[in-house]
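I opened a new page for this structure.

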Amino acid sequence: MKEDFYDILGISKSASAAEIKKAYRKKAIEFHPDKNPGDAKAEEMFKKAAEAYEVLSDPDKRAKYDQFGHAAFEAGGGFGGGGMNMEDIFSQFGDIFGSAFGGGFSGFGGFGGGQRRVKGSNLRIRVKLTLEEVANGVEKKVKVRRKVQADGVTYKTCPTCNGSGQVTKITNTILGRMQTATTCTTCGGAGQSIDKRPAGADAQGLTVEEETVSIKIPPGVEDGMQLKVSGKGNDAPGNGVPGDLLVAIETVEHSTLKREGDNLHYDLYISFSEAVLGSSKEIDAVGGKVRIKLEPGIQSGKILRLRGKGISSINGYGSGDLLVHVNVWTPKELNREQKEFFERMQNDENFTPKPEKSDKSFFEKVKDMFS
Ligand SMILES: [Zn+2]
């Protein structure tokens with residue numbers, strides 16, 4: 001079970017944006033790798049705090065997290081939803097600590113001599129899914145136009161920053177000499193600049209190429225959710241890492257099934273005689289056809305619950321149900337013979353309504369169902 005993001009930062013669910021930022025600054029300083037060299041536990045805490053901040057600092061992501069929990073960001077399959085790497089974390093710092101602090105945090109080892117690796121920009125696409133695709137999960141192949149490093153492009157160490165990606169400046173202040181670091185404008189922080197630029201490549205040595213990307217969509221996704229395919233965004237120049245492909249889920253309404261959470265609702269219309277004599281009906285459910293039996297004397301408004309025939313939970317906790325709402329169709333036109341029959345039945349004992357407790361009204365049943 002993943003730890004709660006609010007608990008990680010030690011804040012309440014109602015924390016303001018400023019409180020979230022403050023809490024994160026505190027944790028980031030406390031567990032910073034430069035301060036805790038070789039301490040795996042501190043590094044773990046550092047990453048957890050960054051991940052929590054990444055979600056809670058974004059109002060849109062925070063709302064999704066509040067509603068769906070961790071599931072909103074970990075759609076399983078090939079999505080690197082939750083995990084952040086150190087590069088992502090450091091790229092967040094300009095925002096948190098201001099550029100004056102940037103230099104102090106660039107020294108984390110392991111990225112080719114301490115230089116920050118630039119990440120390519122993210123790409124966004126929308127994917128439309130039918131209810132069947134949502135229910136069963138689906139693999140979608142989409143064509144994406146990505147920027148990639150052109151054939152034959154070469155990069156050299158940036159002459160302005162000597163490959164560090166940063167330019168350091170010493171300023172004299174009343175507190176003494178202060179060292180500030182800013183991103184190198186020549187290479188955009190990549191530490192490398194273009195050496196050989198092939199025809200058709202842009203200033204960063206990138207060209208646009210169409211690529212077919214396969215996206216595994218797990219069952220149970222909802223309209224508005226976003227999935228991430230790591231590394232399928234735009235390439236970065238030099239030895240940078242590619243951005244991500246962000247996939248926004250859009251769902252198409254089904255003609256007969258209505259979704260409500262993980263449950264599905266279906267309106268079944270039966271004839272008056274079917275209600276009286278009983279019947280057997282076939283329903284197109286998301287997993288295929290389902291046969292249901294209607295007992296003789298079934299009442300209009302009855303809801304039949306077919307367990308597990310709804311949508312699989314995205315959290316992996318089983319499946320919802322299919323709720324079949326029985327509607328008895330009253331004939332509007334009758335021939336003379338039929339009319340005479342019903343006239344004879346008007347005062348018949350068998351035709352007089354005698355509702356029992358089990359024939360509760362629709363509203364009572366709905367109340368029971370959701371309580
Ligand atoms: Zn540079």
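**Entry 1: a strand and its partner**

I noted at once that the model is a predicted one. Next I looked up another bridge of β9 and found Leu129 partnered with Thr251. I then checked how β1 and β9 are joined. They run parallel, and 7 bridges link β1 to β9, which covers residues 245-251.

Which way do the side chains of β1 point? I went along the strand and saw them alternate. Leu123, Ile125, Val127 and Leu129 point to one face and are buried.

**Entry 2**

I wrote down the strand order as β1-β9-β8. This is an open sheet of 3 strands, and its pairing is mixed. The edge strands are β1 (123-129) and β8 (226-229), as each pairs on one side only.

**Entry 3: salt bridges**

I reminded myself that side chains of opposite charge can pair when their charged atoms come close. How many salt bridges are there? The count comes to 21.

I picked Asp244 and Lys119. Their closest N and O atoms are 3.0 Å apart, and they form a salt bridge. Asp244 sits in the loop between β8 and β9, while Lys119 sits in the loop between α6 (99-102) and β1, so the pair ties together parts 125 residues apart in sequence. Is Asp244 buried or exposed? Asp244 is buried, because its relative accessible area is 6%, under the 20% cut-off. Lys119 has 34%, so I filed Lys119 as partly exposed.

I then turned to helix α9 (residues 336-345). Glu340 and Arg336 meet there in a salt bridge, at 3.7 Å from N to O. The two are 4 residues apart in the helix, so about one helical turn separates them. Glu340 is partly exposed at 36% relative accessibility. Arg336 is exposed, with 68%. I also found a network: salt bridges that share partners join Arg146, Glu211, Lys232 and Asp235.

One further pair went on my list. Lys281 and Glu274 form a salt bridge, with their closest N and O atoms 3.1 Å apart.

**Entry 4: rings**

I counted aromatic pairs next and got 8 in the structure. I looked closely at Phe341 and Phe342. Their ring centres are 5.1 Å apart and their planes stand at 70 degrees, so the pair is edge-to-face. The cut-off I needed for that label is an angle over 60 degrees. Phe341 is partly exposed, with a relative accessible area of 34%. Phe342 is partly exposed too, with 26%. Both belong to one aromatic cluster, formed by Phe272, Phe341, Phe342 and Phe351.

**Entry 5: a nonpolar patch**

Which residues form the nonpolar patch on the surface? I listed Phe272, Val276, Leu277, Phe341 and Phe351. Together they have about 460 Å² of accessible area. Helix α8 (residues 272-277) gives the largest share, 3 residues. Leu277 lies in helix α8. Leu277 is exposed, because its relative accessible area is 66%, over the 50% cut-off.

Note on methods. Residues numbered from 1 in each chain as written. Predicted model: local features only at pLDDT ≥ 70, side-chain atom pairs only at ≥ 80, totals over all residues. Heavy atoms only, no water. Patch = residues over 30% accessible without salt bridge, like charges linked within 9 Å, V, L, I, M, F, W, Y side chains within 5 Å. Areas by Shrake-Rupley, 256 points an atom, 1.4 Å probe, with all protein chains shown as cover. Salt bridge = Lys/Arg side-chain N within 4 Å of Asp/Glu carboxyl O. Buried < 20%, exposed > 50% of the residue type's maximum accessible area, 1.4 Å probe, protein only. Pairing = 2+ DSSP bridges. Phe/Tyr/Trp six-rings, centres within 6.5 Å; stacked < 30°, edge-to-face > 60°.
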